[in-house]
Amino acid sequence: MTGTNRIPGGLIDRDKPLGFTFNGRAFQGFAGDTLASALIANGQRLIGRSFKYHRPRGIFTAGPEEPNALVELRTGASQEPNTRATTTELFEGLNARSQNHRGSLKYDIMAVNDLFARFLSAGFYYKTFMWPKSFWERVYEPIIRASAGLGRLSMQADPDHYDKGFLHCDVLIIGAGPAGLQAALSAGRAGVRVILADEDFRMGGRLNAERCEVAGTGGATWAAAAVAELESMGNVRLMTRTTVYGVFDHGIYGALERNTDHLPDAAGAPRQTLWRIYAGRSVLATGATERSVAFGNNDRPGVMLAGAVRAYVNRYGATPGRRVAVFTNNDDGWRTARDLRAHGIEIAAVIDSRTDTAPNPFPEVKTLFGEAVAETCGRGGLREIITTGGKRISADCLAVSGGWTPNLHLTCHLGGKPVWRDDLAAFVPGNALPPGMRVAGAAAGQMTLARCLQEGDAAGRAVAEDLGRAAPAANVPKATDEPAGITALWQVKGARGRCWVDLQNDVTTKDITLSHREGFRSVEHLKRYTTLGMATDQGKTSNLPGLALMAEASGKTIPETGTTTFRPPYVPVAIGAFGAGAKGAGFKPVRLTPSHEWARDRGAVFTEAGQWLRAQWYPQPGETDWRTSANREAQTTRNAVGICDVTTLGKIDIKGRDAAAFLNLVYTNGFAKLPVGKVRYGLMLREDGIVYDDGTTSRLGENHFVMTTTTANAGLVYQRLEFARQCLAAHLDVHLISVTDGWAQFAVAGPESRALLQKIVDAGHDISNAAFPYMACGEMTVCGGIRARLFRISFSGELAYEIAVPARYGDSMIRALIAAGEPFGVAPYGTEALGIMRIEKGHPVAAELTGQTTARMLGMARMVSDKKDCIGNVLSRRPEMTAPGQPRLMGFRPVDRAQMLTAGAHFIARGAEAVTENDQGWMTSVAWSPALGHSVGLGFIARGEDRIGEVVRAWDGLRKTDIEVEIVSAHFVDPEGERLRA
Amino acid sequence: MPEYTLTAQSPLNGAEETIGDVKIAEQRFEIVSIAVPQGGGDRLSAALDRAFGLRLPVAGGSVRSADGSLNLLWTAPDQCLLLAGDRSIDFDREAEAALDGAGYVTLQSDNWAVIALSGGDCRRVLERLTMIDTGAEQFPVGSVARSLMRHLGVILTRTGDDSYLLLSAASSALSFWEDVRHAAQAVAALKALTSG
Amino acid sequence: MIINHPLLGPRDAAEFTYLGDASLLARPDWQSETAAGDFDAWLHLRDNPAGEHRELWFHEQGDRSWLIVTRNTLTHEITGVEMARDGAPARGTDT
């Protein structure tokens, strides 16, 4: 079936027929059609049902401003609601369905809403659904949920993937109509780096929709030639199907490129690409959007914008009707009559609301001046119009032109305000444009063809001159300016029936009057009270008429009434595009330790530590509970030997003549006298005196240190060190570089750790207790000459070392260590066992360093030297921080050893009420200690250092426990540190 | 005879792939950072010249040795990164000795995963990865830029007309490889759509 | 937002981390008699200008330089960028 409303001509390719379905029925279109044009060609007028009243609706426009023809496109997981048929390129096998009806499109059950229209006017939900109160959840809400919303989601995960990218240019030209194409030509010929973007799949803008002449040839032909020339320029990048949706600071623009929406099969390509475009300059050549007039039942299928009718007959070879009436308040509407005539389509009448226009240019066509359309007739589709003069005229299509509104949205994204022009009855861009932006053509209020070309040329050449490039002499192709007079008409006086303003949200002139009457008179209130302009079309055809009507109701001028703010995005953008690349594994990078593969093969359970994956425990066959595994690992380490990958802790290499002086500044304790070959624990404060990180720093040479930080804080510490280095002590010769990833580092801990390491460290390096005591460090070789570093430090409290080799040997090293440890019954241990052991030793970690913790609270007040400056020194001595009664980190054990302590519990005296006034502190970390056979905890309690032996309660309101605990030393295991120094 | 021997692995295990008109492949270098002592820029430049036939690069640039095996990248006002082909893991000690105290040398070889990107479409791939302007004229051969690529820090340098090196943290090498691969696949898939 | 790095040219703000007012560069003398009050004021008291603001940015994903950026908090226009090293008050003595 070729389509009952096909006419010859247009930019479609009749050699490429395409089959598609709408509501299950098969149709045919051609390459170059949109879904809308193909439906029009096939005589399909009814496309959907309106949002609130479920009125029959048809295609209204030919572009992204479409409010009515929203369809559900594709099936399955790719199904997408609210797709505008007017911008959907037709492809073979396209499957579209109408939306928002119960039952068939033709016999929508919900059309009953229209009968109750007077109860469903703007804001009706603020005045209803209140009584009886019990009905709200059980009756009203379910009904509202069922009928609210427009379109349905597939409820399946989006199967497509999206992409992001970054582009740079000298000038971004937004819109490839006559102004944009000419600007691109002028700038491109001067060697300027140009990006030209257009939302359509074919560049040319209105040139493709109008019968017009440029440089002696048809507009569309000239546009195609311009595109060909631009394509040949290496400094010009053309982007079709690309909407520039937002302007951001400093010449940054957001653009959405639709890569595969027009194809039946994406074949693995990203569906859409979100581009960030860095453009020092831009030319906004986005043209203008036509608006309608409010008259009775102006929403019937068959009522369309006059410019859209031209687009269909000129570009798409499809006529929306066989007997078309034209209703206009301006000269441009007459072009529709002229074009229909040229295509041999019967014109029912031309109705011009103005009384001051030239005599009838089409003598054979019925013309009415000074009259307007009062209402339309035809259930399900236009049949007849009735004028204010009472004339009844039969027509199956009514082309309406209320004037053109410049698409200036992007000029307002950075806060600029548009200005009103009476002569255009529209807003044009104001003076405060985004830096670097020029506006050309209809977007600037220059509504006619020759002016568009001139302005585009001027803009392109101005950009070239800005950049110091020789601009070619002005070479504006010849064209004429069509007549463009207009007399504003927002609503027809004497209209009968409801008059629509916002078609998508079903907002009528009555709603605007109601809004005014109820006191919602500012445009911001009008918008939110009536929902005018809040649908997916963002009010592109309704914002201006809406505020004009509010102005009329208020007795104010339009500039006095103002306009709502435009913000990005200019068109709806899929969340998937903003989140491109961040789905699933792409959400964040994963950092793996050198022993990861080995650990995984060993069955380790992993945990996230920042961006790292760390082994949490290594279950052995038969172990079903994490505690069993972790306890075994901790006990094996304390009784024999355990190995833990500690690569993740930040390692910062520090070199320089003044490296020691630098460390004295950033650490609370002294490092200048640390001998070469020794390690020292260091504490770092914020300038407000709060502890924020701790670690060990080793001196490997006179001017060479290696600092460790906690895993989570590595980045932050690095940043603060660089601040100290560059800003606070810039005279010091000290240099930093991260070596975290470069060294695979393993803790080897337990009574047999030395024996194990003696099988790994090459003979010739003496690691006996005498030669390599506690807190020693040094460079040596292992496994036959592989360079390594050995540190005798212990987090577990056992005799322990950390051995580091270049990360390329890390996998090999863990296997060697485990093999060497077999005879000793070695066990790898993960972060759980690590945590158990450090709690048994009372070592603070992030749970204790809460951002409110001072050195005094940790019992480390003496580590803050008062003989030297350091970051945090001064404010750590504030009276509030040093007053008696401060919390102190202590150990806690349950009086009844069988009870389990909980972190977060608060300490309250026995017999006291559990209220804030009686709060003495809180439990920060707990573990069941395999070494002691009962639960232990660490926590802060006021004056804890003077209260050892006292019994208090650990009260946990969340878990509903209240346990008596004894205050003890935080060092539960080996408090004298004998095992450390063995 | 040591009881245990250690074998070396690289972050990407020598991965290599051709996707459309680009090739991505792991490259291995010995790498050292060289920090410029305060007030010692001239002395260091002279020492670099004597030792390696190099000099300190300008901001955003790099210097290559005559035989091409050494590539010195500017990374910070007082720091640069030396990529050395055909050297051993003790190159840092060799460099330290050769510079005779004129610069602070730190081993960095295993801190980095290095991906070589080459082929006609490499700039199309890069524009999907990096905010840096990698236009052929704007980022000439020898340029160096350190920036963000999705969520990873990356050092980017152009080594030839259509070849680049990308360096990123070794621990996130697999994510790094996936990001680059993903961009190359997008370019190839989109190209196939328009040419088909 | 774009920050024009003195050595590297324009870079996207995503490469940077913001710290705060550039007055953080003028760290008081720890041995002064009024040290406690000086440090408190230096750390905690700020003007909140609706207009030009001198602030510190760290080029975390770039060359790790600290920069002093002069930015208008109303218009976001950046009128000056200098290396913090150059703008930091001179410190003569080792600590």
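Start by selecting Val666(A), Phe746(A), Val748(A), Leu82(B) and Val180(B): of the 196 residues in the largest nonpolar core, these touch the most other members. A nonpolar core here is a set of buried Ala, Val, Leu, Ile, Met, Phe, Trp, Tyr and Cys residues joined through C-beta atoms within 7 Å. A residue is buried if 20 or more other C-beta atoms lie within 10 Å of its own, exposed if 12 or fewer, and partly exposed in between, with C-beta atoms placed from the backbone. The largest share of this core, ten residues, comes from H4(B). Apart from this core lies another, of 160 residues, with Ala36(A) and Trp275(A) among them.

Before moving on, note that this is a predicted model, in which local features need pLDDT of at least 70 and side-chain atom pairs count only at pLDDT 80 or more, while totals for chains, interfaces and linings use all residues. Residues are numbered from 1 along each chain as its sequence is written, and chains are lettered from A and ligands numbered from 1 in the order in which they are written.

Helices (H or I, at least four residues) and strands (E, at least two) are DSSP runs, numbered from the N terminus.

Now colour the open sheet of chain B, whose six strands follow the order S1-S2-S8-S11-S10-S9 with antiparallel pairing. Strands pair if DSSP finds at least two bridges between them. At the edges are S1 (16–19) and S9 (144–149), each pairing on one side only. S9(B) and S10(B) are joined over six bridges; zoom in on Met149(B) to find its bridge partner, Leu152(B).

Finally, go to where chains A and C meet, with 23 residues from each chain in the contact. Residues are in contact if their C-beta atoms, placed from the backbone, lie within 7 Å. Which helix gives the largest share of the side of chain A that touches chain C? Select H18(A), which supplies six residues. Of the 15 residues in this helix, eleven are buried, among them Tyr718(A) and Phe723(A). Their cover includes H17 of chain A and helix H2 (84–87) of chain C.

How values were computed
Two residues are in contact if their C-beta atoms, placed from the backbone, lie within 7 Å.
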